[in-house]
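Please walk through the model shown below.

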Amino acid sequence: MPTTTDRRRAILALLAFAMLIVSLDQYIVVVALPEIGRGLGYSAQTLQAVISAYAVTSAGFLLLGGRASDLLGRRRVLVAGLTLYGVGSLVGGLASSPEVLLVARAVQGLGGALVFPATLALINTTFAEGPERNRAVAIWGGTGAAGLVVGVLLGGILTQALGWESVFFVNVPLAAVALVLSFVLIPADRGREAGRRFDLPGALTAAVGITLLVFALVQGPNLGWVSPGVVGSAVGAVLALTAFAVIERRGRDPLVPPHLLANRNLATAAAMAFMFWATFGSVLYFLTLYFQDVRGYDALATGVAFLLPTAVVVAGSTFAGRVATRWGLRPTLVVALAVGAIGAVALGLAMSPDAAYPTLIPGLVLLSAGDGITFTMIFIAAGTGVPDREQGVASGIASTSTSIGAAVGLALLVLVAAAGTEGLTGDSLRVETAAGLRTAVFAIAGGIAATAVLALNLRPERQPLAAAPCPRGVPAREPAEH
């Protein structure tokens, strides 16, 4: 008979696998974009919408997904998310028009918005706070980080071998396997807690406000910051988020409980998640441009070039759990961010128009090590001191911050990278593109350094994390809700 430890390891493997599935889609579609454009008749101006449809929908519903997992049941929300993701992937692969593909991408984004906070909440309620949870979050984070770059490599292979449709179809069996295992491994959810309400008005206004905000940020560089669509979305976002704040202040069971925002570690983790995705999260995009537009790599060669940083990110994420247990949250984050900032500077210095790949390796290694450790540590911090009954919404707060940070960071850094390239062609464009990308990476280094200062606001642990965690069920800790 399997032991409790064996069962929890199996649950962790499943949750990491689910995280891998949704992480793959962040970049597996990017390398297939030219083929998608040719196959479905997208113009150069509208092709970016294939990426935006996923990003905007996912960002808008992460907070709702986190709260739903607390109130409706974490297994239910995970299953719903995997189902939506699988259906969206199937429809995307079968799409015969741009409109159908955009709807499919939005459904995928909604599925991802349910899966991400549900998996993290399940980890935080399955494993006790301290060394046990640190190790579990490290595995979950390492798998998610690996998925981003594996998506680039897998997308290149599938597109060249089987066509763009395969980057969608590959998700269907993966989601189906995770769906079946969810029923087998994760215990059924308990009944809804009496007296707790879903706060539908708060959920809807938050989803609308965040969706419109991210849409404006993502589409601003493409449509123009003063275009009617972008301005209208920005105004709508302000109105919806203002309404959300009013509803939350007056609600008896608000979507975001005020005492959670008073948790210094969670608030700091959310701010750091915003900065992390605005900086580390943008590097992959700019490196892809550098490898393909400056150095002339094809999609497959670009994926191969990311194998080294992927290995370092995964190693850093896995290593983070043990380091956090020994050193604590704040020292580990400050050191990891300092290493990442140094790596970004080294990488920027090496990104010349004709640089050989080996000259990039020192910067890539340092930057990737900081990336892996920081990603894991942020989500460990977000769950620290949060009761089990609110782990879902805490995960939603942190993950929503990552999505907004990604949109803000990329919108600003694209402007930095593109400055001076207008009207250029040929080798002049290639040289100036390299210069712009270097400047963007230097800006990223500055943002990482600022995040290190922000990490100093984390509350130090009262006792070393290496100390034995409290037994499950003691008064200091609520019992897990499963």
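Which residues does Ser 182 touch, not counting residues up to four places away in sequence? They are Leu 14, Arg 75, Leu 78, Val 79 and Leu 82, where contact means heavy atoms within 4.5 Å. This is a predicted model, in which local features need pLDDT of at least 70 and side-chain atom pairs count only at pLDDT 80 or more, while totals for chains, interfaces and linings use all residues. Residues are numbered from 1 along each chain as its sequence is written, and side-chain values use heavy atoms, with hydrogens and water left out.

Ser 182 sits in helix H8 (residues 171–185); helices (H or I, at least four residues) are DSSP runs, numbered from the N terminus. Its relative accessibility is 0%, so Ser 182 counts as buried. The term buried means under 20% relative accessible area, with exposed over 50% and partly exposed in between (1.4 Å probe, protein chains only). Ser 182 and Leu 15 are 167 residues apart in sequence, yet their C-alpha atoms are 8.7 Å apart in space.

Leu 78 leads on to the nonpolar core. Beyond residues up to four places away in sequence, Leu 78 touches Leu 15, Ala 18, Val 115, Ala 118, Thr 119, Leu 122, Ser 182 and Ile 186. Leu 78, Trp 140 and Leu 360 have the most contacts inside the largest nonpolar core, which has 101 residues. Such a core is a set of buried Ala, Val, Leu, Ile, Met, Phe, Trp, Tyr and Cys residues joined through side-chain atoms within 4.5 Å. Helix H12 (residues 264–294) supplies the largest share of this core, 15 residues. Apart from it lies another core of 16 residues, including Leu 40, Val 50, Ile 51 and Val 167.

Helix H12 also holds Ser 282, which is buried with a relative accessible area of 2%. The side chain of Ser 282 reaches the backbone oxygen of Ala 278 at 3.0 Å. Leaving aside neighbours within four places in sequence, Ser 282 is in contact with Trp 277, Gly 409, Leu 410, Leu 413 and Ile 444.

A polar contact of 3.0 Å joins its side chain to that of Arg 74. (A polar contact is a pair of N or O atoms within 3.5 Å; within protein, one must be able to donate a hydrogen and the other to accept it, and residues adjacent in sequence count only if both atoms are side-chain atoms.) The side chain of Asp 70 also reaches the backbone nitrogen of Gly 392 at 2.7 Å.

Helix H16 (residues 357–383) has 27 residues. Of these, 20 are buried, so H16 is largely enclosed by the rest of the structure. After H16 comes Gly 385, whose phi is positive, near 80 degrees.

Arg 438 lies in helix H18 (residues 426–455) and, at 25% relative accessibility, counts as partly exposed.

Finally, the confidence. The protein averages a pLDDT of 84, and 92% of the residues score at least 70; pLDDT is the predictor's confidence in each residue, from 0 to 100. Over residues 462–482 the pLDDT is below 50, and this stretch has 39 contacts in the model beyond near neighbours in sequence. Where pLDDT is low, the predicted coordinates should not be read in detail.

Note on methods. Helix = DSSP H or I, 4+ residues; strand = E, 2+ residues; numbered from the N terminus. Expected span 1.5 Å × (residues − 1).
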